[in-house]
Amino acid sequence: MTVVLAVMLGLALGSFANVLIDRIPSGRSVRGRSACDRCRRTLRWWELIPVVSALLLRHRCPTCSGAIALRNTLVECGAAAMLVAVLLRHGGIVTSQGALEAFTLLSLGTLAVIDLRQGIVPDQISLPAIGVVLAVKALFIIHYSFLIPQLLIPVVIGAGWFAVQRWISKGRWVGDGDTRVGALMGALFAPGSLLLALAASYIVGGAYAGALLATRRVERGAHIPLVPFLFLGTLISVLWGERIIAWYGFT
């Protein structure tokens, strides 16, 4: 039953993520009813049911036959899958840590899609997400003398990693938005898990870039969005980080 609820919640949150993906980059308000991108007709409630409506409508607007992006369905299904995966990682029990992991993954996933589509990383998503994660984690710290080492040091490490790269490259390698994503990763993780997430991100990203270069699909020096790989690295660290760290004998 808990898994079913996780699926339903994930689909709903994925639908909201699509609203952010569509509206935040263009500066539109996230309030108000959704409309067809082509004819601008306001969608009815039964056209907004995650996944189900798109399948029933065959990914077409019934008024103008404009295409409903397949990306919408993929984001909704992906969000549901992430929530179920995090839930199962915690033994099928809803925990505060699991909720923070799910929230961070959903935030990073939304930023990853925006970065892929438009090459930007909106602060309207990353900064509130950092604040939420830090605020929730602070509630569970009994002795506030541990506030800095437990909360702020990983944030400084995550943000600093990208800030140094940005300074060295004068903005050619990474941007300010990547620095905020690093801070969000640090807000979620302890230092060991953060370093694993960053390492996994660069390994996956490096392999992908190498494959593109080998097949001559991109030229050397071409810009490749970084946030999707940071999202994947975070996902790896959340789902399998403890096993990987234990396997390498770090704990």
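Helices here are DSSP runs of H or I with at least four residues, strands are E runs of at least two, and both are numbered from the N terminus. With that in hand, the protein chain reads α-α-α-α-α-α-α-α-α along the sequence: nine helices and zero strands.

A word on the source: this is a predicted model, where local features need pLDDT of at least 70, side-chain atom pairs count only at pLDDT 80 or more, and totals for chains, interfaces and linings use all residues. Residues are numbered from 1 along each chain as its sequence is written, and side-chain values use heavy atoms, with hydrogens and water left out.

How does the whole chain look in numbers?

| Property of the protein chain | Value |
|---|---|
| Span of the C-alpha trace along the principal axes | about 55 × 50 × 35 Å |
| Accessible surface (Shrake-Rupley method, 1.4 Å probe) | about 14,200 Å² |
| Distance between the centres of positive and negative side chains | 5 Å |

Carbon and sulfur atoms own 67% of that surface. As for charge, there are 22 positive side chains (Lys and Arg) and 11 negative ones (Asp and Glu), with His and the chain ends not counted. Each charge is placed at NZ of Lys, CZ of Arg, CG of Asp or CD of Glu.

Inside, 43% of the 251 residues are buried, meaning under 20% relative accessible area with a 1.4 Å probe, protein chains only.

Now zoom in on helix α4, residues 96–118. Just after α4, Gly119 takes a positive phi of about 70 degrees.

Note on methods. Buried < 20%, exposed > 50% of the residue type's maximum accessible area, 1.4 Å probe, protein only.
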